[in-house]
Structure formats: C-alpha cells, structure tokens
Amino acid sequence: MKNTKKVLALVLAFIMVFSLAACGGKSNNQNNSSSAEPTTVAEKIAAAQKMSEAELEAAAKAEMEAAVAADAKTVFNADSLTSGVKKVAAAFEKKYPWAEGKIVYNSRKGSEYQPVLDAAAKADQYVADFVMIQDAAFLKFNMLDAGFLLSYTPSGDGFKFNEGTTNPQVGVTFNKVFLWNNTKVGKDQLKNVWQLTGADGVSLKGLHNASVQSPLGEDINMNFFIMMTSPDAVKRLTAAYKSYFGKDYVADPNYKNIGYQFLAEFAKNIQYWHKSDTSEVKALVNYADDGRIVFAGLAKLKDYMGLESKPSVADLSGAGWNADVEGFSGFVYNMWTLIPKTAKLPYTSCLFIRYLLSEEGFKAGWGGQYGYYSANVNIKPIDGDQPLDNWHKTCLVEDVDYIGSAYSDAQRFIKQQLGQ
Amino acid sequence: MKTKTKSSGNRIKAYFSKPANVISVIFIVILFAAVILPLFTLLLGSVTINGNQEAMYVGGGAKNGDFTSHHWWELLFSKEYDYAKKAFWQPLGQSALMALYACAIAVIFGGVVAWFITRSDLPFKKFISTVFVFPYIMPSWAMAMFWENFFKNTQINAGMGILQSVTGICVPESMVYGFAPCAWALGLHYAPFAYILIGGILRNMDANLEEAATVLKASRFKILRKVTLPIVMPALISTVLLVFSSSISSFTVPFFLNKSSITSGNNFISISVQMRSLVNSGFTKGQGYVVAIVLMLFSIIILTLNSKVTGKRKSFTTVTGKSGQVSLVKLGKARVIVAIVLVIIVAFFAIMPLVSFATESLCEISGDWSTFSLKYWISDEPFEGSAKGDTIGILRSTILWKALGRSVLLSICVAFAAGTFGLLIGYAVAKKRGSKLAGMVSNIAFFPYLIPSMSFGAVYLALSYTKGFTWLDGSFFLLLMVGAIKFMPFASRTGTSAMLQLSGEIEEAAVIMGIPWWKRMTKVLFPIQKSSFMSGYLLPFISCMREMSLFVLLAASYTTLVTTVLQEYSRTGLNQASNAINLLIIIFVLVIQFAVNKLTGASIDKGVGG
C-alpha cells in the first residue's frame, strides 16, 4: 500500500512537471507567434526585403547602436576576395556616418576561406556579417544546401535583376577572355577558337602562343575547362569547327564529345603556363613581337592601365571585347553577396548589400573599370566594354549544376591531358 | 599486498625522479594532444565523405560524413583516363626523384661548405659563413624566381634573362623550366640547412679522432669515410629527412618553374601541385588527404631508418669535455682558389636573389628599367586599386609596421617555445636512447613537419570554432601554439643531434657535485652546445617569420602578420610591394641574427664556425 502511494505520488509529480513544461512551451510559442519582431537572421532578412531604404537604414542603425551599447568592440565584418568590397565599405561609411569606423573588410581568398566557412557552418558559429564568394559549387552544395548562407535581394526603383541572378544573390559578374598585344600581329590574330588548338584551318592559321594559368592552381580555369565539355560548348565548338575547317565535325571515338577533343588539343597547344593573370596582363606591353595570347580576366586591364608608361589600351585586343571570335570568347562567372545565418548585424548586412548593388555602391567598388558587371542590370558597364548580356552570348557561362554533374569525369580527363 | 603497492609506488617515484623520464611523459601527453588530433583528422578525412560536393562526386547515394574507400581506390587504382597514373603515381615518382636530387644537392653543397668552414684553413670564412645562410632565410620560391630570371632566354620565348643579356648564351628549356630546375632551386634553398646541421656537428667534433687516424697513417678519404662521415651521420640523416620531406611537398617551386608547354617534354607536375588542386576543390578533398598521408608515409620510412641509425649507434659521442682543440686541414696552394670559387658561388646564389627582389620592387614591369619607380617603398598616395590608404609605400604603412611587429613578437615566442621544447626533447631522447618512450617522443615530435601546413592550420581552425575553445579564434595564442608545434621538429632534431654528441660523463660529474637538474642544463649542457641549441631557436624563428600557409587560415585578418600582408599585396597584383616586403623580411631576419650574434655571441653562421 505504502509502495502504491509512492508510485502514485511519483506519477502525479511527473504529470504535473510535464504539464507545466508543456504549458510553458505553449506560452513561449504563443509569444513568438504573436510578436511582430523577427528574431532569427532569416526572419530579419525577410523583414528587410519588405522595407524601404529609409526603414532599412533605421533598422540597421538601431541594430548597430544596440550592439555597440552591449559591446563597444562590435564591428561589421565584410569578408571577400575582391578588394572592391573594401572600397564599397569605405563609401558605405561615408554615406552612413553612424557606421563610420565600424565596417571591417577582411580579404579572404576562396580556397583559404572555404575551410573557415565550413568550420563556422559546422559549429553554427559567427564568422562574418557579409560574405562575398566565388566558387559556385562550394556555395551551392556546401553552403546553400546546408542553409548557412542566406540571400537578400534589394527592391525598388533603382534595382532590376535578371532571372537566375537572385536567391542566391549575384553581386558582381566577371569574365576571363583571350587578350593580346596587337601592335605587330594585328587586331584579328585570333578569329576562331579552333586556332588555339594549333591546327590550320581553311583560311586561318593555327596559333601557338597561348598563355593560360594552370587549372591545377586556379579553380576558375578548372571550371572553364570543364565547361568546354558542356552541351552549350559542344554547340558552339561544332559551328566554329565547320567554319574553321570548312567541313562538318565527325565524332572521334576517342573523345566523349567535341568539347573533350577541343580541350585535349587546346591543352597540348598551350605554350606558357603563367602563374599570375595580373603579372601576365601587365607584361602584355612586352609581348608585341609574338602577340602572346593571354587568357586572363578582362578586369585585369586595370593593372595594365595602372602602369605609368604603357602603350594605349587600343594596342590591346580582347576576344569578345574589341575582337570577334567564333566559338567562344572566354568564360563568365559570378561572385555572390550573402549573409551567414549567424550574422550579428543582419539589417546592416542587408543595407550593405543594397548599397553594393546600387549604382553608387557599384561605382565606388568597381566603377570606371573594364570587366566588372553588376547583377543590377540598371548599371551599365563602362564605355568601351560590352553589356553583360553580350558576354553571356559570346562566352561559356559557369553552370554550377553542369560542373557538379561533370566534375568527376572531366577533371580526370583534364589531369590526363595535363600529365602527358 | 601493501608491500607490493608500496614497492610499485617507489618504482613510480624513482622513475619520476629522473628529469628525462618526466620530460618524456609530459611531452608524450602534449604531443599526443597536439599532433595526433590533426593526424587523426587527416586520416579520417581520407576515408569519409567531406561535404556535399564530395558526396556528389563520389555518387552512389553517398552522404556527407559517410565512410568510404573511394578516395583511396580512385587515386591509387582508377584506370579511367589513366587517372591514378596521371594524377598520382607519375607525379609521385617524379617528385620523389626530384626530392632525392634536391637532398643530394643540399647535402653535397651544404656539407662541403660546412667542412671547408669548420675543418680547413680557408680564408674569407666569415663572409662565406654569413652569406651562405641567406637562401634559407628567403622563401623557397625566391630561388625559383631568381633561377628563371637568370636563365630564361628569347630562344624559348621566355624573355631575356640575365645570362643571355650578359653573355648572349641561351640555355635549353630543360635548364629553365621543369624537373631539373626544380631540384636545383630546392637543393640550393635547403643547402644552408644541411650546412647548419652538419657544420654544427663538425665544429664540435673532437679533432683528436681525426688526428689519431692521421697518426695511424689513414688516407684522407679513409678518415672521411671511417671517422668524419659516421660522426656526422645523424645530422646527415636528419638533413636528408627534413630536406626530402620539404622538397617532395614543396608547392611553390614546382608551381613557379613549370611554365613549359605539355609538348615540350619539360612539363613537370609535382605531387604537391596535384595535392593542392585536389584539396582546394570541394569535390576531391578526400583524395588530397590521401596524397598528404602518402607523403607522410615516405617521410615515416626515412624517420624509421633514422631511428634505427641513432638507436643502434653506441659511441659516437664527440663532445667529451676533454678536448676543445680543433686542428684545421691545411689546403696549401688550393686555399685561395677554393676560397674564390666558393665566394663567387655563395655570393651568386645568396646575394643575387636579394638584388632581384630589390629590382622587382623598383620596376613597374619586371626587368624594364624605363618603368623605375620608388612609389612602392615611399609613396604616401594609395596605389591603384586600394582604399582606406593602407596600401601606400611600405616604409610609410602603419599597417605593415604593426604587422611586422606582431610577426616578430610571434616568431620570438614561437622560437622560444619550439627551441625549448626541442632542447628538452633532445635531452630526454639522448638520456633514454634506445627506450621505446624516447623513440616515440622523438618520432611524434617530428610529425608536425610532415603534415601539410594548410591541413595543420585547418584542424586548429576547426578547434577554434568548437564550443569551449572559441576563445582561441583569431587569438595570438592560437598562432603561437600552432607555430610552436609546427616548428618544433627543427628544434627537436637539432636538440637531439647536439645532446647525442655530449658525453654522459659531463652531466654525471655535475650530478656527483649535487648540482640540480635545471642548473646542469643552463650552466653545463647548454653552454657546451650553445651553437647547436641556438640553431634550434633560430631555425623556428626564421621559419615563423616567413611562414604563410600555416597562419593564413588562423590569422584574425590579413593585417595580422607581415606575411599575410605580403600575400594580400601579391593577390591584388601589387607584386612590387610584395617583393619589397620580402626583402624587408629577409633584411629584418638578418638584423635579428646579427643582434643575437652581438648579444650572445652565437648565431647560425657563427655556430658553424665562421
């Protein structure tokens, strides 16, 4: 009897505790659902999405002031590979004086930054308030699928984005093209991409002076090489083949498609494996005699233009830029602007992205330079450069889904070619 | 029962009454925690799916975190597109051969110079000894860059190099790019290392041994073979081990000197370049870890051989306290000729790269003096592409000076920690030579050297994001800890070599006099082998000052250390400024070395006897 009483008391006590806990939980949930205040970073981004610029600024300012009051050392960390973000940060501080001295730019190289993001994502820890990264596959498979990086797209009169450039939000688009010093070899040295295999065409000669950064040391070039095997490249290469050799392409059983064949012949014909696009573009001034064709970012022209004594930029030719090339002119790839779900200042992150994608912000970071294209299509490239839509038509465009599915096979093939 | 407990208690007490045992136990615990963790992570990474990207690559429904043998199988055996052969076996074989050539060059060049400096009456010793260590102070790619700048020529469409512009000679492409230049650049870079280790031993070697052999009418060659070589063998093997491990995993030199086309026959893709490519891609991280493990296995084999040699040898003690006399071999008429040849060679490989750093920092376009500019040194205007005024002339940049200050502080702390750890480990290993514990401590202390810097840094990065350890994130202590462990192998090898030379009688005499252990260390053992021990401090200092890969993931920002600033300048295309910083680092290290020399009378070159 005594034992039965004890058991009964225990059961009752357990039920009471359980009920209280359940009530507490319900009460919390009710509080959350009735509250209009977003609490998580995702909720704050969703709220920011509906705000006007003034409202967003007010929210960001209040957020920053509260954070600084709680911890005077609080800063807004902006992590990126491109130094353009540093300039945007400086201009942002000027525009929003309450943020002055609080925006810290951290230069982060992709392959060195990925372990940092991975570690932060695994531990669900703070890493930065704003992240701008380049590796599409890493972004898609490791960050977005894991829900660690979140996207904010500004809206309003000044903003217009093409389909496929939001969520995840593209910040800036870049291109890599074939550049050469045209003073002796002429503007039209390269007219068909098959010339780069070294084989002579019907009316054009094969070229043996391409300089490329090894895809083993440069991820973007690895993606470019992989994209050469894509259906889009196959279409382009087949048409260019007919034009160059004057006959239809007949499939070679040694290759999976024309892209693989082109890749193999192109790789074998590369005469120089340069180590730095920047140095090689600067050195174009010395390559008048052999007209070396340097595959590098069009944006690197800023380094060429930065030289104190240089021939005119008109002495340079670039595939798709001021010289037409059949096949493809180069490679187009993106940098995305994102917010970690552990960000401490999410409203400021949204305001920062909004500013970066505005005309004023873009000009502060990348204005007046070739080879930088804002995802905001209202912002035009500088005079003399092509609109992004044109580049999309003339270049191979990074396709993360294709790269993901083809990587295994294509990188084996590429390593086989490079290892010969 | 009680007696048994008491006796085992006494045994433990007796065991721990010996400092060598205490040191061994403490270090085995520290090293297990600090070294086994990254090692285990590396091994685990090679048999699991590392992220969603890799899961997609592996296919077959694999998920992040799943166990898999795919990475090993694919890299070692896959025949599709000759993948295993092209991506692994071929680069591995070529890289191993390149590392062996580099070892031979380093040991022969460094060893010969060390012998001339320590055992002969060669003139200009001071100059040769001082200048010879310069290439080791420079980053390894500096030698590669100099090699290219010197030998490149217009016949191979690489632009005019120094040799062609001075003599008109155009060397073949295989002398400019590819396998052989890589081996030479690495060998020349590590020759000072061989010089330091071998020279330290030669300098302290009892001259009576060689003199006794001479009295017994042994030929010079026989003396070298039967007396000198066996004595320097531990240092020789340590050198081979360190140079081989460094060379086979060197990324920058093969990356820099592989500009040849595939069809030229001089296209050389090293295993380290393959490893970097695999690790950097989210699709193939696991395969990159496999390469790292295989590279470690290579070094473990040499390490085992090393242990066998040092474990077997019975009485190569050369510092007995009985003779400090060194008799120098008289070179006779060859004295001046040898000196001139050595001065020219040493000056060429040590000073010319510095000159090329200086010229690169002064020209907008490499080698084009019409683009001469001092702006990367003294301009107070921001360079093109910079903001916030931080990329101004390096002599005016407060960011750079602060970073340099932090680097110096870090290097001093790392050198102190690593050097002291190395000295203590050396003591424990020498005292307990032949015991399993000593062997284990010695071997594990070497492991950090074998783990690629980036992987090592990545493990500690993950640790700093783990709950309970977040205080480490971006902290100076994290950099210090990682640096001390990573550079401990230099100090432990030097410490062990030096301690093995010391006769037990010296310490025994002090023990009989009742001198406590710490006093024996600081007043007896350290002063006798000061030059070798100081090398154990200076080597981590130099390495830490120019280290980049290890700290790049762990530094709070790019402004933290001078090398991260350098990398940022290089990344943003400011090569002139990065060359200027390189020169600044080298000059700074030389100044420190000079200061150490003035204050303590010891330095790397002095240690060898210059």
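**The domain interface in chain A**

Domain 1 of chain A and domain 2 of chain A bury about 1400 Å² between them, with 63% of that on carbon and sulfur atoms. Buried area here is the accessible area, with a 1.4 Å probe, that two parts lose on being put together, summed over both.

On sources: this is a predicted model, where local features need pLDDT of at least 70 and side-chain atom pairs count only at pLDDT 80 or more, while totals for chains, interfaces and linings use all residues. Residues are numbered from 1 along each chain as its sequence is written, chains are lettered from A and ligands numbered from 1 in the order written, and side-chain values use heavy atoms, with hydrogens and water left out.

Now the bounds. Domain 1 of chain A is 41–171 + 334–385, and domain 2 is 174–331 + 396–418; such bounds come from an automatic or database domain assignment. Domain 1 of chain A gives 16 residues to the contact and domain 2 of chain A gives 14, contact being heavy atoms within 4.5 Å.

How many salt bridges are there between the two domains of chain A? The count is one, the term meaning a side-chain nitrogen of Lys or Arg within 4 Å of a carboxyl oxygen of Asp or Glu. Lys140(A) and Asp401(A) form a salt bridge through their side chains, at 4.0 Å from N to O.

On the side of domain 1 of chain A that touches domain 2, H6(A) gives the most, four residues. Helices (H or I, at least four residues) are DSSP runs, numbered from the N terminus.

Terms used
Helices (H or I, at least four residues) and strands (E, at least two) are DSSP runs, numbered from the N terminus.
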